[in-house]
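Subject: Structure handover

Hello,

Please find the structure below. My notes on what was found in it follow.

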Amino acid sequence: MDKGRALVLGGGGVTGIAWGLGFLMGLIDEGLDLRDADLIVGTSAGSSVGAQITTVASLDQLYARQLEPSAEKAMAFDADALNQLVTATVQEVGFNAQVIRQRIGAMALATPSVPEAERRAIIASRLPNPVWPKQRLKIVAVDAESGEERIFDNDSGVDLVDAVAASCAVPGVWPPMTIGGHRYMDGGMRSITNADLAGGMGRVLVVSLLNLEGAQSTLPQEVAQLEAAGSAVKVVTPDAASVEAIGPNVLDPARRSATAQAGRAQGRLVAAELKGFWAPEG
């Protein structure tokens with residue numbers, strides 16, 4: 001097995017981006033820099049964080065931006081409607097992940113939203129460098145028509161901004177993004193973490209940008225799959241103070257500052273523990 005290290009960054013909305021950057025900054029405060037990962041897997045908000053941290057030399061500016069007021073408007077994600085769609089699909093055809101994603105994709109394609117170019121400009125404004133890093137970075141999206149997953153990386157021939165925009169295209173909120181004649185939606189429709197894409201790595205650190213307690217997540221199965229194949233896996237999720245800072249709407253930019261600060265505080269608290277996992281002595 002490849003004994004490299006993988007950092008998995010899950011979905012989490014605009015507050016997830018803030019928390020993730022704050023958390024990584026807190027680790028750096030205590031001498032642990034996860035950017036030396038051999039592989040980074042990014043989904044939705046995690047794709048934005050992954051693209052940001054691998055294309056700049058310092059996190060200070062990225063973190064500082066999260067503390068500034070945002071011109072973006074708060075959006076609302078109708079989780080109940082999505083869950084009802086999934087439930088109805090399962091009742092009709094049984095559990096078929098691809099069919100479920102097709103139904104979600106059809107809903108996403110039919111929902112009025114901002115023009116793709118406008119949404120792409122927002123994503124571009126978040127990325128300090130729109131060029132793929134030399135580091136291995138996998139960005140996850142889902143074809144809104146076929147329901148098939150698409151993994152973008154440096155060898156895909158796809159612009160980094162387009163890949164991140166696709167991975168962040170929350171169905172029912174933002175438009176599926178057109179790439180090569182296909183339209184892609186949020187990679188979280190495959191999995192909120194997609195940790196299984198780190199298969200083959202010796203150590204896998206999963207940083208969920210969401211509190212997954214009570215959520216319908218495939219992460220436990222992904223962890224079991226990785227461990228069965230020989231990977232050591234550790235999972236970190238936002239603590240109670242971070243959950244409070246995030247608030248009820250992960251698409252509310254007004255929560256970014258408090259969330260980033262809470263993430264940084266949590267990073268400082270757990271840095272010693274994570275050092276033992278990420279860079280064990282001997």
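N194 is buried, with a relative accessible area of 0%; buried means under 20% relative accessible area, exposed over 50% and partly exposed in between, with a 1.4 Å probe and protein chains only. N194 sits in the loop that runs between β6 (182-186) and β7 (203-207). Its phi is near 55 degrees, which is positive although the residue is not glycine.

The model is predicted, so to read these notes: local features need pLDDT of at least 70, side-chain atom pairs count only at pLDDT 80 or more, and totals for chains, interfaces and linings use all residues. Residues are numbered from 1 along each chain as its sequence is written, and side-chain values use heavy atoms, with hydrogens and water left out.

S44 also has a positive phi, about 55 degrees, and is not a glycine. S44 belongs to the loop between β2 (39-43) and α2 (45-53). S44 is buried, at a relative accessible area of 7%.

Now the chain as a whole. The protein has 10 helices and eight strands; these are DSSP runs numbered from the N terminus, helices being H or I of at least four residues and strands E of at least two. A compact globule of 282 residues would have a radius of gyration near 19 Å, and the 18 Å of the protein agrees with this. That radius is taken over C-alpha atoms, and the globule rule is 2.2 Å times the number of residues to the power 0.38. The C-alpha trace spans about 55 × 45 × 40 Å along its principal axes. Of the 282 residues, 51% are buried.

Contact here means heavy atoms within 4.5 Å. Of the contacts between residues at least 6 apart in sequence, 79% join residues at least 24 apart.

L7 gives one example in detail. L7 is part of strand β1 (residues 5-9) and is buried, with a relative accessible area of 0%. Leaving out residues up to four places away in sequence, L7 touches several residues, among them L34, I53, L205 and W278. L39 is another of the residues that L7 touches; the two are 32 residues apart in sequence and 6.3 Å apart in space, C-alpha to C-alpha.

Finally, an unreviewed UniProt entry carries the annotation "transmembrane region" for residues 7-28. UniProt positions are given in the numbering used here, feature names are shortened, and annotations may be inferred rather than shown by experiment. In the model, residues 7-28 are 73% helix and 14% strand, and their end C-alpha atoms lie 15 Å apart.

Regards
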